[in-house]
Amino acid sequence: MRYPWQDADWRRIRGEFSRLPNAWLFAGPAGIGKRAFAETLAQALLCEAPRDDATACGECEACRWFAAGHHPDYRALSPDDGDDGGKGARRLAQIKIEAVRELIEFAHLSAHRAGRRVVLVEPAEAMNPAAANALLKILEEPPEGVLFLLVSHQRERLLPTIKSRCRPFVLTAPDREAALAYLAREGVENAEAELAHHGGVPLFEHDAARREARDRFLAALERPTLAGLLALAEAADKDKLPLGVALDWLMKWLGDLAGLRLANAVRYHPDRRAALEALAGRADPVALMRCYDALVALAPFAEHTLNVRLQLEAAFADYLNCLAAPSRAAR
Amino acid sequence: MSYQVLARKWRPKRFADLVGQGHVVRALSNALAENRLHHAYLLTGTRGVGKTTIARILAKSLNCEAGAGAEPCGVCAACRDIDAGRFVDLLEIDAASNTGIDNIREVLENAQYAPSSGRFKVYIIDEVHMLSKSAFNAMLKTLEEPPAHVKFILATTDPQKVPVTVLSRCLQFSLRNMTPQQVADHLAHVLDAEGVPYEAGALSLLGRAAAGSMRDALSLLDQAIAYGVGRVEEGGVRAMLGAIDRRYLFTLLDALADNDGPRLLAEADRLAELSVGFDHALAELALLLHQVALAQTVLAALAPDEPERDAIVALAERLAPEDVQLYYQIAVHGRKDLPLAPDEHAGFAMTLLRMLAFHPASLPGASAGATRAPAARAAQPAAPASQPARGEAVAAMPSANVARSAEPAAEPAPEPEPEPAPPIAPPASEAAAPRRADADVPPWLDEVPPPDEWEVSPRAPASTPSRPVRPAPERPAEPVATPQPAAPFTFSGDWLELADHLMKTAASRLGMARMLLENAVLKRIDAGCWHLAIAPAFANHPGAGREAVQKLKDAIAAVLGEPVEIQIETDAAIGETPALRRARHRDERQAAARAALENDPVVKAFEREFGAVLLTDTIQPMQE
């Protein structure tokens with residue numbers, strides 16, 4: 001399945017079919033449909049009777065296998081979801097070397113069907129260093145007919161040796177109209193605010209409970225009192241809100257505060273602009289940056305077993321500080 | 001046969017085809033020609049400079065059936081087998097996926113057996129930096145003294161990760177990065193042979209984008225051919241590389257120099273639309289700032305053929321050197337934090353905002369203190385209830401011109417004469433506003449220079465951004481003390497009053513003479529000569545020395561506006577000196593405080609009901 005805003009990209013990549021690389025590296029921000037695009041491409045390449053516009057027919061045996069998720073000449077590599085009990089949820093999502101070794105074995109076997117085999121790695125930066133290095137040799141000189149599709153949200157985090165072996169392909173993000181049209185078709189409520197909150201990318205989780213939690217969270221940030229924020233931290237802990245999510249919300253809020261304070265621009269919360277403006281007048285930019293720094297320092301540990309409530313309380317205290325009287329904050 | 005990417009198709013097959021790396025080729029060729037071969041080589045260098053390629057060519061040279069010479073023949077069975085990757089005596093090991101000791105053991109066990117068809121058994125161990133520690137150690141003995149028919153060639157991008165014990169057993173060659181020119185020339189050669197039309201400008205762009213790696217260049221070339229549908233044109237390549245001309249960087253720095261937040265973020269949005277990588281943008285920004293700093297310090301170090309030289313020099317003049325350093329630091333830090341931001345756009349925008357936030361002109365302290373003081377004060381009478389937010393908003397704007405425009409606007413209309421506020425700078429406690437309110441011009445206003453002249457002085461601090469930031473109330477006392485004519489003190493003959501005045505206005509200049517002032521009493525004045533009496537106990541104190549007397553004399557002369565002479569005499573019963581008076585006041589306050597507590601009804605009730613005891617030693621009067 002391909003998204004409406006990817007038609008131009010599809011035409012572009014079709015032009016490259018005559019010169020297939022060893023590996024494509026699809027880059028762009030998260031949430032613009034890179035994986036869907038790569039899967040479409042994989043299906044089209046594996047299809048045994050592609051249509052005139054090089055898309056998959058959807059009827060041949062290969063296509064049906066692909067749709068069912070067990071095409072023998074296709075492998076998709078993603079971080080393991082931690083199937084070893086409940087603890088997995090907080091583990092760092094990584095692609096490990098064992099998975100890559102299996103992949104190498106797969107690549108060296110001959111094909112089941114027409115001779116072409118496709119490997120999808122998503123997201124490529126999830127490979128840990130050992131896994132990424134193990135992929136190097138096969139990526140450079142794969143056996144005949146093997147094509148790698150790497151998908152990366154943050155291309156710069158990949159090893160230079162990996163990037164150098166791939167042909168880059170930057171996917172276009174949808175513009176605002178296209179994204180809104182898509183959300184409207186999907187029947188998303190409050191589409192504009194949602195789109196803005198997710199930084200203008202149209203693909204995100206639609207979880208009503210999470211959205212309500214977010215509204216409560218932001219409402220408390222709007223009226224910052226110590227009691228209110230402490231209660232919020234407690235509630236977040238009780239609802240098992242992941243630290244990463246809370247950090248994301250808080251960072252976006254601070255980003256907007258700083259944006260309003262210094263550049264008169266709001267990116268994530270245009271629907272709450274009035275409240276933000278009131279707060280921005282009081283905010284001390286230096287303290288704001290310091291508060292943001294603390295969140296950045298915390299971000300790598302978002303999946304850790306830290307005490308969410310403690311961490312949030314500390315962050316909220318910083319937040320209150322930057323809204324305190326400027327003379328106090330300046331010190 | 002299906003299409004093979006250029007990087008693979010054009011992997012050099014002979015030493016003569018290699019681009020660059022002349023130093024390595026020469027050493028290897030000579031060694032081969034004279035048969036002085038080392039048994040283990042280590043090839044290092046960044047991605048795509050020819051490590052694996054050289055290793056394979058060397059393997060061919062060693063095993064070529066036409067005899068071991070510098071160049072492999074390329075036509076014999078051994079050479080063709082090696083090119084096709086099926087020569088039995090060449091073992092190319094991917095150390096990154098076979099990292100363990102068992103893998104290495106397996107390989108080395110076979111080393112003792114003679115080669116089956118070639119002269120040498122060649123082990124190419126690629127990505128060797130990924131081997132585990134035990135795997136490295138297992139190699140050591142064999143690596144040091146291999147059988148005569150075994151050659152090792154190790155290749156890695158990361159020699160720091162290889163143990164020294166391995167390094168010392170190998171002959172190490174470090175391969176150099178290609179220059180953009182070498183890359184462009186080779187690309188031209190490839191395109192000529194492939195029969196693809198091209199523009200020379202496109203190739204030099206690709207050469208620069210490849211950053212020293214031939215494989216990067218060939219991957220990009222593949223993409224460029226696909227992008228341009230069989231042609232390589234400059235415009236197409238520019239668009240493909242993400243419009244990496246650096247104009248947007250200059251826009252960003254311009255906006256920073258103007259302190260123009262909205263324009264800064266608008267430019268960031270535009271970058272997102274062009275899908276320029278934000279990480280790349282920050283790296284480029286740091287690079288440009290480095291060039292600006294160069295232009296500011298050693299202009300000669302800036303390459304004269306730098307295409308944007310003029311723009312860089314112009315920026316160097318607009319930005320303060322310390323700002324450039326600050327921005328550079330922030331850009332480098334921001335790059336590190338980019339993966340941790342909610343999304344890259346947010347990280348990038350936050351980095352730019354940080355440059356604004358930490359700019360001296362927008363620090364809140366600066367607004368209250370040195371820079372902003374005149375404008376903020378001038379605004380007060382016009383809008384007494386002006387909110388802090390307003391004042392801050394003004395503060396965040398570029399300093400000098402805003403100060404100019406804000407002042408006349410906020411000036412109270414009926415009073416055209418401006419206040420001499422900054423030079424006097426009274427402590428903030430006696431608020432400026434009330435004094436302004438009464439239209440009476442204070443007597444000392446007469447001596448104020450005409451408006452044009454004083455207008456310069458309040459802004460002077462604004463032009464020195466490095467000045468320590470300090471809120472107004474804490475300003476040092478010296479501005480208060482300097483303008484003696486402004487405080488017309490009339491001496492009424494009361495020594496204590498004069499002493500008070502001196503302590504208040506000139507304390508810092510008196511220094512040691514303060515002791516004298518505090519401990520002396522004025523006996524009489526005859527004909528400009530003041531007779532001061534001090535207690536005998538104080539006579540030998542340095543505070544009564546000649547230096548102190550001189551200082552006191554100067555201070556009194558300054559206050560009265562006429563020269564005085566001072567005569568010191570000792571007297572056992574001199575009466576009340578300022579110091580004694582202060583002590584008396586203190587005692588009186590202490591006594592009053594104690595009395596107040598003892599008579600307090602609540603305290604009394606406590607004493608009565610609970611048998612409480614008042615610890616009279618601990619009573620301290622409130623400080624005034």
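This tour visits salt bridges in a predicted model, going from pairs in chain B to a network that includes residues of chains A and B.

Some background comes before the stops. Side chains with opposite charges can pair when their charged atoms come close. Over all chains, a search of the whole structure gives 52 salt bridges.

**Stop 1.** Select Arg14(B) and Asp17(B). Their side chains form a salt bridge, with 3.4 Å from N to O. Arg14(B) has a relative accessibility of 36%, so this residue counts as partly exposed. Asp17(B) is also partly exposed, at 33%.

**Stop 2.** Go on to helix 5 of chain B, residues 101-109, and select Asp102(B) and Arg105(B) within that helix. The two are 3 residues apart, about one turn of the helix. A salt bridge links them, and the closest N and O atoms are 3.5 Å apart. Is Asp102(B) buried or exposed? Asp102(B) is exposed because its relative accessible area, 52%, is over 50%. Arg105(B), at 45%, is partly exposed.

**Stop 3.** Select Asp258(B) and Arg263(B). Here the side chains meet in a salt bridge of 3.0 Å, N to O. Asp258(B) is partly exposed at 32% relative accessibility, and Arg263(B) is partly exposed at 31%.

Key
Residues are numbered from 1 along each chain as its sequence is written. Chains are lettered from A and ligands numbered from 1 in the order in which they are written. This is a predicted model: local features need pLDDT of at least 70, side-chain atom pairs count only at pLDDT 80 or more; totals for chains, interfaces and linings use all residues. Side-chain values use heavy atoms; hydrogens and water are left out. A salt bridge is a side-chain nitrogen of Lys or Arg within 4 Å of a carboxyl oxygen of Asp or Glu. Buried means under 20% relative accessible area, exposed over 50%, partly exposed in between (1.4 Å probe, protein chains only). Helices (H or I, at least four residues) and strands (E, at least two) are DSSP runs, numbered from the N terminus.
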